[in-house]
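Subject: Handover of a structure, with notes

Dear colleague,

Please find the structure below, followed by an account of what was found in it.

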Amino acid sequence: RMLKRQMPCCGDIHRLNAPLLAIYESLIPPEEERTKQKQILALLEKLVCKEWPKAQLFLYGSCANSFGVSKSDIDVCLAFNEEINDKAEVLLKLADILQSDNLQNVQALTRARVPIVKLMDPTTGISCDICINNVLAVINTKLLRDYAKIDARVRQLAFIVKHWAKSRGVNETYRGTLSSYAYVLMCIHFLQQRRPAILPCLQGMEKTYSITVDNIECAYFDKVEQLSNFGSPNKETVAQLVWGFFNYWAYGHDYANSVISVRTGSIISKQEKDWTRRVGNDRHLICIEDPFEISHDLGRVVDKFSIRVLREEFERAAHITQYDPNPCVKLFEPY
Ligand code: GTP
Ligand code: MG
């Protein structure tokens with residue numbers, strides 16, 4: 001029985017492959033969404049440029065990291081070439097400028113953890129959040145996008161995991177569960193750890209891309225088109241990977257001692273990072289190291305209640321992928 005628990009018969013798992021791939025396909029945004037995003041960006045650029053001719057706009061988050069599902073909001077970073085001390089002032093000014101054009105629901109949220117201006121573009125129906133000088137987010141967006149280019153299974157796995165997390169209500173940082181960004185890092189780490197590996201550790205290779213942002217050196221190998229065969233010795237299907245992912249987080253991960261680290265492509269110890277006790281609100285109950293801001297634990301939002309919810313959801317998902325006669329319905333059942 002034990003053995004069965006750990007290694008489902010391959011036939012069993014393969015039954016899941018076609019339906020999971022179908023779900024993945026249904027989540028991919030159609031090409032016209034890209035066109036609409038570019039349209040909004042061009043409009044914003046035109047408006048922003050009048051006020052701040054040297055500022056630049058960048059897309060980040062799921063609209064640019066290739067892990068965005070259809071109908072996502074878009075995240076935009078307004079980057080100045082200088083430090084902005086009073087972001088609230090700039091955001092209010094920005095809201096003012098945007099308001100006067102025909103954009104809707106323009107709102108400056110100056111007191112949020114990441115202060116933003118929110119708006120909706122009525123011609124495309126797309127909502128948009130604009131933040132200021134969040135250049136690290138633009139860089140980690142590129143890192144995620146580069147990882148996604150290496151092997152098709154990266155996007156397949158991450159789309160399924162994100163879809164599961166949203167369906168099950170465990171993608172809500174304000175309620176103590178994890179961000180989409182955290183889930184994608186968990187997927188990348190998992191694929192780095194497969195044997196044979198499906199993903200390399202780009203930050204451990206020759207640095208072909210390097211930029212220093214907020215005193216943090218962000219450098220890694222970004223000529224990923226050279227790595228398009230990297231994962232091919234590993235023949236696992238998305239079904240096996242989804243099963244393996246949930247099993248890892250349900251039964252394989254050492255929550256007490258381990259930190260997952262995409263930066264090193266391995267597990268590191270909480271001890272080494274000094275993440276062993278609660279400091280302020282950071283409890284480190286599940287530890288996911290940001291690839292560039294390495295003092296940043298993306299699991300910091302998780303508290304003693306939500307960690308139980310999360311772990312129960314991982315166990316539920318592992319159980320369903322393995323035993324349920326109708327896993328593709330059950331796995332994504334609204335909570
Ligand atoms: P969805 O909108 O849920 O599809 O995903 P997303 O990829 O846009 O993710 P999310 O809204 O969680 O994060 C947006 C971007 O913010 C990420 O892609 C990162 O580039 C950046 N980011 C950097 N640090 C953090 C962090 O601590 N939490 C979150 N949520 N985002 C971060
Ligand atoms: Mg987003």
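Two strands count as paired if DSSP finds at least two bridges between them. With that term in place, please note that the model is a predicted one. The notes below are arranged by region.

Strand 3, residues 104-109, is paired with strand 4 in the antiparallel sense over four bridges. The two are connected by a hairpin, in which six residues lead from strand 3 to strand 4. Within this pair, Gln104 stands opposite Met120 of strand 4.

Strand 4 covers residues 116-121, and five of its six residues are buried, so that the strand is mostly covered (buried means under 20% relative accessible area). Strand 4 also pairs with strand 5, residues 126-132; this pairing is antiparallel and has six bridges.

How many of the residues of strand 2 are buried? The count is six of the six, so strand 2 is largely enclosed by the rest of the structure.

Strand 2 has pairings with strand 1 and with strand 5. Strand 1 and strand 2 run antiparallel and are joined by five bridges, whereas the five bridges from strand 2 to strand 5 join strands that run parallel. Leu78 takes part in both pairings: Leu78 is the bridge partner of Leu57, and Leu78 also stands opposite Ile132 in strand 5.

Three strands form an open sheet with mixed pairing, in the order 9-8-10. Strand 9 (266-269) and strand 10 stand at the edges with a single partner strand each, so one side of each has no neighbour in the sheet. From one strand to the next, the twist averages 35°. Strand 8, residues 258-261, pairs with strand 9 in the antiparallel sense over four bridges, and Val259 has Ile268 of strand 9 as its bridge partner. Helix 8 lies across strand 8, strand 9 and strand 10, and runs at about 90° to strand 8.

**Helices 4 and 5**

Two packed helices are described by the angle between their axes and the distance between the axes. For helix 4 (residues 31-51) and helix 5 (residues 87-99), the axes come within 10 Å and cross at roughly 125°. The two helices are therefore oblique to each other, and helix 4 passes helix 5 in a right-handed crossing. On helix 4 the contact is made by Leu44, Leu47, Val48 and Glu51, and on helix 5 by Lys93, Leu94, Ile97 and Leu98. By class, six of these residues are nonpolar, two are charged and none is polar.

**Individual residues**

Is Lys142 buried or exposed? Lys142 lies in helix 6, residues 135-150, and counts as buried because its relative accessibility is 17%. Leaving aside residues up to four places away in sequence, Lys142 touches Tyr209, Tyr220 and Asp222.

Lys71 has a phi of about 65° and is located in the loop between strand 1 (56-60) and strand 2 (74-79). With a relative accessibility of 72%, Lys71 counts as exposed. Asp274 has a phi of about 60° and is located in the loop between helix 10 (270-273) and strand 10 (287-289). Asp274 is partly exposed, at a relative accessible area of 44%.

Lastly, the peptide bond from Arg195 to Pro196 is cis, with omega near -10°. Pro196 is part of the loop between helix 8 (180-193) and strand 6 (209-213).

Yours sincerely

Notes:
Residues numbered from 1 in each chain as written. Chains lettered and ligands numbered in written order. Predicted model: local features only at pLDDT ≥ 70, side-chain atom pairs only at ≥ 80, totals over all residues. Heavy atoms only, no water. Buried < 20%, exposed > 50% of the residue type's maximum accessible area, 1.4 Å probe, protein only. Axes fitted to C-alpha atoms, helices over the stretch in contact; angles between N-to-C directions. Parallel < 35°, antiparallel > 145°, perpendicular 65-115°, else oblique. Left-handed = near helix turned anticlockwise from the far one by under 90°. Contact = heavy atoms within 4.5 Å. Nonpolar A, V, L, I, M, F, W, Y, C, P; charged D, E, K, R; others polar.
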